[in-house]
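Here is a short tour of the model on your screen.

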Amino acid sequence: MNITLQNIGRRFNRDWIFRGVDYSFNSGSIYAILGSNGSGKSTLLQVLNGSLAPSAGKIDYFFQTEPIDIEKVYLHLSIAAPYLELIEEFSLDEMIDFHFKFKTFKEGIGKDGLIELLSLPGSKNKLIKYFSSGMKQRLKLALAFCADTPMLMLDEPTSNLDTQGIDWYLSLVQQFAKNRLTIICSNQEHEYSFCDAMLNITDYKGEMKGKR
């Protein structure tokens with residue numbers, strides 16, 4: 001999966017969050033989008049995944065050299081982000097079944113394997129609303145990593161995770177981020193230090209780039 005941005009910008013009312021982004025994201029590489037809280041990195045991620053339209057510029061998607069319509073991008077994408085909620089009335093078992101009605105498991109991973117990855121063998125029937133914030137974040141990450149999609153997007157992936165959870169996240173990256181396009185929004189080095197390339201959103205602030 002490849003994404004090409006040409007002079008992409010996004011504004012809120014009259015204020016540009018970012019503008020003039022010319023960049024390519026290529027399959028098989030891991031990218032970091034960097035910036036402080038409120039800088040616009042999550043907004044850029046939402047533009048990249050098609051949930052927000054750019055205010056300026058052009059964005060193109062390609063899967064195995066074939067162009068993909070923006071309305072179909074979600075079929076090629078897995079995402080974990082703080083603003084995407086789990087269905088708390090579901091049990092763990094039901095949540096996994098629901099998620100994989102829309103995605104397929106990566107080869108070698110099924111429901112039991114995902115539950116084992118979470119270290120929750122006795123919690124299949126436990127409701128998500130009774131999970132700790134850390135376990136909810138682990139579940140979001142596991143659902144995204146274990147889906148067989150060519151594109152993976154992660155926003156603040158270690159939020160609510162302790163030191164052991166951070167190590168677990170890093171092991172998921174090593175195991176499941178290969179041979180796909182992975183994009184990580186972060187301002188914490190341990191979340192992105194392994195990335196192949198980094199885009200700092202502050203380099204594309206409207207006041208810095210000027211009017212076009």
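Two strands count as paired if DSSP finds at least two bridges between them. With that in hand, Leu34 stands opposite Asn200 in strand 9. Please remember that this is a predicted model.

- Five strands make up an open sheet with the order 6-7-8-3-9, and their pairing is parallel.
- Strand 6 (77-80) and strand 9 are the edge strands, each pairing on one side only.
- On average, neighbouring strands of this sheet are turned by 15 degrees against each other, direction ignored.
- Helix 4 (residues 133-145) packs on the sheet, where it touches strand 6 and strand 7 (151-155). The direction of helix 4 makes about 170 degrees with that of strand 6.

- How many residues of strand 3 (residues 30-34) are buried? Five of its five residues are, so the strand is mostly covered, given that buried means under 20% relative accessible area.
- Ile30, Ala32 and Leu34 point one way from strand 3, while Tyr31 and Ile33 point the other way, and all are buried.
- In a regular strand, side chains alternate between the two faces of the sheet.
- Strand 3 pairs with strand 8 (residues 181-186) in the parallel sense, over five bridges. Within strand 8, Ser186 is the bridge partner of Leu34.
- Strand 3 also runs parallel to strand 9, and four bridges join the two.

**Helix 3**

- Which residues of helix 3 (residues 111-118) are buried? They are Leu114, Ile115, Leu117 and Leu118.
- These residues lie on the same side of helix 3 because they cover an arc of only 155 degrees around the axis.
- An α-helix has 3.6 residues a turn, so residues three or four places apart point the same way.
- Asp112 and Glu116 are exposed, on the other side of helix 3.
- The buried residues of helix 3 pack against helix 2 (92-99), helix 4 and helix 5.
- Ser119 follows helix 3 and has a positive phi, near 60 degrees.

**Aromatic pairs**

- The count comes to eight aromatic pairs, taking rings whose centres lie within 6.5 Å.
- One of them joins Phe98 and Phe102, with 5.3 Å centre to centre and 75 degrees between the planes. That pair is edge-to-face because its angle falls in the class over 60 degrees.
- Phe98 counts as partly exposed, at 31% relative accessibility. Phe102 is exposed, with a relative accessible area of 58%.
- Tyr169 and Phe194 form a tilted pair, 6.5 Å centre to centre with 55 degrees between the planes.
- Which parts of the chain does the pair of Tyr169 and Phe194 link? Tyr169 is in helix 5 (residues 163-176) and Phe194 is in the loop between helix 6 (189-192) and strand 9 (197-200), so the pair links distant parts of the chain, 25 residues apart.
- Tyr169 is buried, with a relative accessible area of 0%, whereas Phe194 is partly exposed at 27%.
- Tyr23, Phe25 and Tyr31 form one aromatic cluster. Tyr31 also belongs to strand 3, where Tyr31 and Ile33 point the same way.

**Charges over rings**

- The charged end of Arg19 sits over the ring of Trp16, at 4.2 Å from the ring centre.
- Arg138 has its charged end over the ring of Trp168, 4.8 Å from the centre of that ring.

**Phe63**

- Phe63 lies in strand 4 (residues 56-63) and is partly exposed, with a relative accessible area of 26%.
- What does Phe63 touch, leaving aside its neighbours within four places in sequence? Its contacts are Met1, Ile68, His76 and Pro150.
- Phe63 and Gln175 are 112 residues apart along the chain, and 22 Å separates their C-alpha atoms.

Definitions and conventions. Residues are numbered from 1 along each chain as its sequence is written. This is a predicted model: local features need pLDDT of at least 70, side-chain atom pairs count only at pLDDT 80 or more; totals for chains, interfaces and linings use all residues. Side-chain values use heavy atoms; hydrogens and water are left out. Rings of Phe, Tyr and Trp (its six-membered ring) pair if their centres lie within 6.5 Å; planes under 30 degrees apart count as stacked, over 60 as edge-to-face and the rest as tilted. Buried means under 20% relative accessible area, exposed over 50%, partly exposed in between (1.4 Å probe, protein chains only). A charge sits over a ring if NZ of Lys or CZ of Arg is within 6 Å of the ring centre and within 35 degrees of the ring normal. Contact means heavy atoms within 4.5 Å. Axes are lines fitted to C-alpha atoms, for helices over the stretch in contact, and angles run from 0 to 180 degrees between N-to-C directions. The arc is that of the directions from the helix axis to the C-beta atoms.
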